[in-house]
Amino acid sequence: TSPLSHSTGSDSGVSDSEESVFSGLEDSGSDSSEDDDEGDEEGKDGALGDEGHSGMEKTTEEQVQDGSPGPRTEVASARIGDEYAEDSSDEEDIRNTVGNVPLEWYNDFPHVGYDLDGRRIYKPLRTRDELDQFLAKMDDPDYWRTVQDPMTGQDLRLTDEQVALVRRLQSGQFGDMGFNPYEPAVDFFSGDVMIHPVTNRPADKRSFIPSLVEKEKVGWAGSSLAASMTCGPRRTPMPCWGATRCTCLHPSWPCQATPSRTTHLLNTCSRLVWEQQEPGERKLSFLPRKFLSLRAVPAYGRFIQERFERCLDLYLCPRQRKMRVNVDPEDLIPKLPRPRDLQPFPTCQALVYRGHSDLVRCLSVSPGGQWLVSGSDDGSLRFWEVATARCVRTVPMGGVVKSVAWNPSPAVCLVAAAVEDSVLVLNPALGDRLMADNTDQLLSAFVPPEEPPLQPARWLEASEEERQVGLRLRVCHGKPVTQVTWHGRGDYLAVVLATQGHTQVLIHQLSRRRSQSPFRRSHGQVQRVAFHPARPFLLVASQRSVRLYHLLRQELTKKLMPNCKWVSSLAVHPAGDNVICGSYDSKLVWFDLDLSTKPYRMLRHHKKALRAVAFHPRYPLFASGSDDGSVIVCHGMVYNDLLQNPLLVPVKVLKGHALRRDLGVLDVVFHPTQPWVFSSGADGTIRLFT
């Protein structure tokens, strides 16, 4: 059944379904649930469109099998004759139901526009692949003359006249075959002298009489020029206050009224507002006042001061010419790599370790990276499994845990914790049981001397009850302990005491159970200490400086000046040539020991005080934790070439801790093997960022 029999009597005599058949576009009837609710008429139209579409598909399949041209070719050839009969002034093509709209707007949509009823006009189904197109090209003898209409999306078969027109245009000829470009030209004006002129109109009188208008212009210009040369250029007239009319020779603005004497005076409210404002915020630098006469106006109060400042400007002005250098601001900005090129580094929060009831002050990770220990103000020491965030052991310490450090030696399993005025050495007995037993044997192999030497600290063995919870040794000091840190080999231990004098820093030897004070005098309140990872150096950070001591020679090697008000934290690069310091005035300072004793770079990324800084033992990363609740991870590449400076790039800001008592992140430590970072906060949680 031909779809032409379902005409609905539109303006062109063709329904929407039929028009979609002519244009090569299928009518879907209704494209959404809203169109289904509009009534039965649109449903019928959709049904008619579906019938026409199915009929067209059947006809196409049969004609492809027979090798005859499809219905689109027949319809197109059938409509070529009457195409211009239905043409109108506002439509270029009656088959184009979309309008004069570029079809590339609909490249990403399944439809090509909308019809008069607001329904979508879908694109023709083109399910043929390249093999089908090649077979159709070989079977169709008219494939070479078939083109696609960009306005309607249908295939058109060019007639012989259209092919001839295209060939003529390609060869550079005129499109019209009947046009003769070589016709003889007819000259309207010839070179022969003729009896009668072309026009016999008499000449105007103005062609031989001087123009009065031009004369007036020349005279006015000459008079104004002469007046300017005599009296100077014309000035803008003053407003005619009180005059009934303007007597100026040239137009001016309308006359203004005479200003009253109280126009610029401030009332009481405006004066109070002016007095309460800052001098820089005031619109007027003076307060307008009213005087009875000009004789009552006083002299300017700052006359002598401004005259003196002007004299200073003239006296101190430079006497030589300064050459200005044109510098592009973009050249002053360092070319930093993109953060994505500096991966891996921690980017998101993976685990949260919950269990402490008060703020967590310190963290430490085992050398293998499997266990994590944390100390809190709730008086407990907790051991966590890193991969599962499970608390495997809780040891009550009986006081606030200020610092905790895991022994870096992989052969022993020991943890040192600073509680009040003692340093407790524990064996957590986690992981390998053989290593835990070897650690106990190593501690029990010590034989005390017959005459105990005088030491600044007392070494005490743990009782049986304390050994049940893992405590092995107790090193008692007379003053509170604020920090404890291990040497890289795991035999020496350095502590910082909150006291005055030269005994602020003590070094303990675990194998011989001896303690010594390496300094004879004090250089201020000690904040942090750290061992050099490869050389016999000890770094001591006071409030304003960082000193580097040689332990074997017992001498001061370097004194670093961080230019900070109060140093809070200290960390040494694994290679040992670079040091970073954090301060309570929100500064992070990077030192290059081979370059200078002054800071190589000062970073001000945090908004509040820095509490902890840390280097990664393997990756070129360092992190800082602050009271603003954030952890900033930076890329710090140190090159082997001494002529190349370190590359410092901030890559990520990690947030997650809540502020408690104006405190945020209290400690930061990296995982020994993975690019992960742990942070402890005042909210009682430990967070792992991976």
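Strand β17, at residues 505-509, is mostly covered, with 5 of its 5 residues buried. It belongs to a predicted model, so please read every value here as computed from that model. The chain has 12 helices and 33 strands, and buried residues make up 35% of its 690 residues. Among contacts between residues at least 6 apart in sequence, 47% join residues that are at least 24 apart.

**β17 and its sheet**

- Let's start with the side chains of β17: Val-505, Ile-507 and Gln-509 point one way, while Leu-506 and His-508 point the other way, and all are buried.
- That pattern can be read beside a general rule: in a regular strand the side chains alternate between the two faces of the sheet.
- On one side, strand β16 (residues 492-497) pairs with β17 in the antiparallel sense over 5 bridges. Within this pairing, Leu-506 in β17 is the bridge partner of Val-495.
- β17 also pairs with strand β18 (residues 514-516), again antiparallel, over 3 bridges. Here His-508 has Ser-515 in β18 as its bridge partner.
- The hairpin of β17 and β18 has 4 residues between the strands, and Arg-513 takes a positive phi near 55° in it.
- Taken together, 4 strands form an open antiparallel sheet in the order β15-β16-β17-β18.

**A second open sheet, β27 to β30**

- Another 4 strands form an open sheet with antiparallel pairing, in the order β27-β28-β29-β30.
- Its edges are β27 (610-615) and β30 (647-655); each has a single partner strand, so one side of each is left without a neighbour in the sheet.
- Gly-625 stands opposite Val-631 in β29.
- As background, strands of a sheet pair through backbone hydrogen bonds, either parallel or antiparallel.

**Aromatic rings and a charge over a ring**

- How many aromatic pairs does the structure hold? The structure holds 9 of them.
- One of the pairs joins Phe-615 and Phe-622: the ring centres are 5.9 Å apart and the planes are at 50°, so the pair is tilted. That angle falls between the cut-offs, since planes under 30 degrees apart count as stacked and over 60 as edge-to-face.
- Are these two residues buried or exposed? Phe-615 counts as buried at 12% relative accessibility, and Phe-622 counts as buried at 0%. The reasoning rests on the cut-off, because buried means under 20% relative accessible area.
- Elsewhere, ring pairs link Tyr-353, Trp-384 and Phe-678 into a cluster.
- A charge also meets a ring: the charged end of Arg-282 sits over the ring of Trp-274, 4.1 Å from its centre.

**Val-425 and its contacts**

- Val-425 has its place in strand β12 (residues 422-426). With a relative accessible area of 1%, Val-425 is buried.
- Which residues does Val-425 touch, not counting those up to four places away in sequence? The contacts are Leu-414, Val-415, Gly-470, Leu-471, Arg-472 and Leu-473.
- Val-425 and Gly-470 are 45 residues apart along the chain, and their C-alpha atoms are separated by 8.6 Å.

Definitions and conventions. Residues numbered from 1 in each chain as written. Predicted model: local features only at pLDDT ≥ 70, side-chain atom pairs only at ≥ 80, totals over all residues. Heavy atoms only, no water. Pairing = 2+ DSSP bridges. Helix = DSSP H or I, 4+ residues; strand = E, 2+ residues; numbered from the N terminus. Phe/Tyr/Trp six-rings, centres within 6.5 Å; stacked < 30°, edge-to-face > 60°. Buried < 20%, exposed > 50% of the residue type's maximum accessible area, 1.4 Å probe, protein only. Lys NZ or Arg CZ within 6 Å of the ring centre and 35° of its normal. Contact = heavy atoms within 4.5 Å.
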